[in-house]
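Here are some notes to read alongside the model. Keep the sequence and the 3D view open as you go.

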Amino acid sequence: MAKLVIGLVQTRDEAEAAAERIIDCGYTRQDVSLLMTDATRHRCFRVPDGTPPAHTFGAAIAMSAVVPDLEFVVAGPLAAVVASAVCARITGGLREILITAGVPKRWAERYETGVKQGRILVSVFAHSEREAGVLHRVLDDPDPDMYPVRPAIPGRPSSHTFI
């Protein structure tokens, strides 16, 4: 089963950079999902003159719609998870949707809070546990207990590590 790997970013540029790092790991743009509030979409992805946006997620974000009753916008493969949850009448908002997708409760709460505060959730479904570990590091997930790393060179600080 594919594992959902998530990161939170502040701006469109940070979302673009996160997507490029995911693509560098062998995934495609179509594998990357974004989720945000409608207000964040207008703040970060607005195109003033109506021309198609030139950034990575331009078409997907431009065509995305606000999820009824949940007040957020989702683009990419995560949209299927959200649609399934809405059809199954899962209540409790984004937190419950993420929990049903396999995200631990404490992280689901963190991600929901981040989105409500105007951050952008960037996600990808990893093909394996190993790739999930790499993607967690790529997206700068601050949970060191989830995917422990070993030092590349003994005695070096943990910032110089590899999976």
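1. How many helices and strands does the protein chain have? The protein chain has 7 helices and 6 strands. Here helices (H or I, at least four residues) and strands (E, at least two) are DSSP runs, numbered from the N terminus. Starting at the N terminus, the elements come in the order β-α-β-α-α-β-α-α-α-β-α-β-β.

2. A word on ground rules. This is a predicted model, in which local features need pLDDT of at least 70 and side-chain atom pairs count only at pLDDT 80 or more, while totals for chains, interfaces and linings use all residues. Residues are numbered from 1 along each chain as its sequence is written, and side-chain values use heavy atoms, with hydrogens and water left out.

3. Now, confidence. The pLDDT is the predictor's confidence in each residue, from 0 to 100. For the protein chain the average pLDDT is 77, and 70% of the residues score at least 70. Among the elements, strand 4 has the highest mean pLDDT (94) and strand 6 (residues 161-162) the lowest (33). Over residues 141-163 the pLDDT is below 50, and this stretch has 33 contacts in the model beyond near neighbours in sequence. Contact means heavy atoms within 4.5 Å.

4. An open sheet of 4 strands has the order 1-4-2-3, and the pairing is antiparallel. Two strands pair if DSSP finds at least two bridges between them. Strand 1 (3-9) and strand 3 (72-75) are the edge strands, each pairing on one side only. From one strand to the next, the twist averages 20°. For angles like this, axes are lines fitted to C-alpha atoms (for helices over the stretch in contact), and angles run from 0 to 180 degrees between N-to-C directions.

5. Have a look at strand 2. Strand 2 (residues 32-37) pairs with strand 4 (residues 120-126) in the antiparallel sense over 4 bridges, and S33 has S123 as its bridge partner in strand 4. Another 4 bridges join strand 2 to strand 3, which also run antiparallel. Across that pairing, M36 has V73 as its bridge partner, and T37 stands opposite F72.

6. Is strand 2 enclosed or open? 6 of the 6 residues of strand 2 are buried, so strand 2 is largely enclosed by the rest of the structure. Buried means under 20% relative accessible area, exposed means over 50%, and partly exposed is in between (1.4 Å probe, protein chains only). V32, L34 and M36 point one way, S33, L35 and T37 point the other way, and all are buried. Strand 3 is covered on both faces too: F72 and V74 are buried on one side, V73 and A75 on the other.

7. Which helices lie against these strands? Helix 2 (residues 38-45) packs on the sheet and touches strand 2, strand 3 and strand 4, with its direction at about 110° to that of strand 2. Helix 6 (residues 105-116) lies across strand 1, strand 2 and strand 4, running at about 40° to strand 1.

8. A search of the whole structure finds 1 aromatic pair. The ring centres of W107 and Y111 are 6.0 Å apart and their planes are at 35°, so the pair is tilted. The rule is that rings of Phe, Tyr and Trp (its six-membered ring) pair if their centres lie within 6.5 Å; planes under 30 degrees apart count as stacked, over 60 as edge-to-face and the rest as tilted. W107 and Y111 both lie in helix 6, 4 residues apart, about one turn of the helix. W107 counts as buried at 7% relative accessibility, and Y111 is buried at 3%.

9. Just after helix 4, R89 takes a positive phi of about 60°.
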